[in-house]
Amino acid sequence: MQNLTPLFTKLVEHASRNPIQFHIPAHKKGFGMPSEFSEFIGPNALSIDLINIAPLDDLHSPKGIIKEAQELAAQAYGADHTFFSVQGTSGAIMTMIMSVVGPGEKILVPRNAHKSIMAAIILSGAHPVFMHPEVDAEIGIMHGISVDTVRVTLDAHPDAKGVLLINPTYFGVSCDLKSIVELSHERGVPVIVDEAHGVLFSFHEDLPLSAMQAGADMAATSVHKLGGSMTQSSVLNVREGFVSPAHVQAVLSMLHTTSTSYLLLASLDVARKNLAVYGHELIEKVLRLARNARRTINEEIPGMYCFGDEILKTSATFAHDPLKLNISVKELGLTGWEVEKILRTDFNIEVEMSDLYNILCIVTFGDTDETIASLIHALREISKRFGVQEKKDLPQVHIPSMPLLAVSPRDAFYNKQTEVVPLTEAAGRIMAESVMVYPPGIPIIMPGEVITQDNIEYIMENVKAGLPVQGPDDPNIEFIKVLK
């Protein structure tokens, strides 16, 4: 059955009939748009850029080919139900949160959560109880949440309606998800998972457990990030018991566009087939590439370090995805952003993200020995060019403190009694907007939190380094909005 692609196959059959279209989209197979775009995109893609006419089913109430494709996906991902998302994993995350918590209800959340989680908390009116992730002061990143942290937080908040976890973090590190799920379920609390970077986990034993394998109740999973579907296409995997799949469908429909992209939906169908039928073999190949790259970086390139399983020491750092190459460059006396720019301008290489201390490269099915060799060559050349710096000249790794939440994010965001003040004078004030570096999109400060001096200094350090700081109304991040 996993060899079938009911959605994609039906779309191709429909396009081959070449029907006369008196429905949207206006371009009608590309004939109604400028030729410079249609010729570049190509007639095949434009012929299946369609809408939810009767033969093609409806994502909001699937009864035909979309229903069949989602059922095959559920089997592949080990879920009871799988819902397709054309609003990305952000849309799926917002659906999860709004399916389990409502106004004033508590949800446990890691503080290093993606901005879509904060958006869902604002929209739902839920009250976030933030949990401290484990901080890696050597590398300069945050990891997962420990089992003990979840236990203590649940003890302090027995009325919590949900626990949200990340599997894995942006940098590829997973917590002991299975133990946390068991702990939460013992107390009758559902576990929902931001699994944006974990789509491959179900398909190879050398990768961490997937959320579904760990017994979680819902997982928002980016198929497009690592599974080969088109950008913006994701899935929401659901396990019955603590949540109602019918309610999840209703919330998803409420948040989703009614003009769903069949290009994105079809790519999810084909990517699922590829993972289910060929995933293990493909992952085996990519693991070899990533392991070779990690070994070469650590053994042969001075001033660079790419962590691996040696960081797995606690229940917050329980498993690691080796396909993430997080490369520390601070010993070269450079920021990750500076290395990213050199790779772009001098070597025509683009990385996933950078920060003050690291660059992140993701190895996927699209990589080859040649692409890895190009990356290794570039890193060698950068290392030779700058050399390892004296220890006294190296940047000191620091991560800002976790601010105190003084007002609910929803109340702060919608509060009309605000004023704009210089960032440098904002210590002690309550934030009315967010500031983050994107990617990864983890807020440094969010609405309702009390701004600290070290938060301000960290923001200014990122701005000065040229990193993509965003969020406030002021694009220059010189002024921020606070509560009066």
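**Group meeting: salt bridges and strands in a predicted model**

Helix H11, which spans residues 262-300, holds both Arg272 and Asp269, 3 residues apart, or about one turn of the helix. Please keep in mind that this is a predicted model. Between Arg272 and Asp269 there is a salt bridge, with 2.9 Å separating the closest N and O atoms. Both of these residues are buried.

In general terms, oppositely charged side chains can pair when their charged atoms come close. The structure holds 17 salt bridges, and I shall present two further examples.

One of them is in helix H8, residues 177-186, where Glu182 and Lys178 lie 4 residues apart, about one turn of the helix. Their closest N and O atoms are 2.8 Å apart. Glu182 is partly exposed, with a relative accessible area of 39%, and Lys178 is partly exposed at 38%.

The other example is in helix H12, residues 336-347. Arg344 and Glu340 are 4 residues apart there, and are therefore separated by about one helical turn. Their side chains form a salt bridge with an N to O distance of 2.8 Å. How does burial apply to this pair? Glu340 is buried, with a relative accessible area of 8%, whereas Arg344 counts as partly exposed at 30%. A network of salt bridges links Glu340, Arg344 and Glu350.

Which way do its residues point? Gly162, Leu164 and Ile166 point one way, while Val163 and Leu165 point the other way. In a regular strand, side chains alternate between the two faces of the sheet.

S6 runs parallel to strand S2, residues 106-110, to which it is joined by 2 bridges. Within that pairing, Leu108 stands opposite Val163. S6 also runs parallel to strand S8, residues 191-195, with 4 bridges between them; here Ile166 stands opposite Asp194.

A further sheet is open and antiparallel, with 4 strands in the order S11-S13-S15-S14. Strands S11 (305-306) and S14 (353-354) stand at the edges with a single partner strand each, so one side of each has no neighbour in the sheet. Strand S13, residues 324-328, and strand S15, residues 358-362, are antiparallel and joined by 5 bridges. The bridge partner of Ile327 in S15 is Ile359.

Finally, the surface. Phe8, Val12 and Val270 make a nonpolar surface patch of about 200 Å². Val12 belongs to helix H1, residues 6-16, and counts as partly exposed at 39% relative accessibility.

Key. Residues numbered from 1 in each chain as written. Predicted model: local features only at pLDDT ≥ 70, side-chain atom pairs only at ≥ 80, totals over all residues. Heavy atoms only, no water. Patch = residues over 30% accessible without salt bridge, like charges linked within 9 Å, V, L, I, M, F, W, Y side chains within 5 Å. Areas by Shrake-Rupley, 256 points an atom, 1.4 Å probe, with all protein chains shown as cover. Salt bridge = Lys/Arg side-chain N within 4 Å of Asp/Glu carboxyl O. Buried < 20%, exposed > 50% of the residue type's maximum accessible area, 1.4 Å probe, protein only. Pairing = 2+ DSSP bridges.
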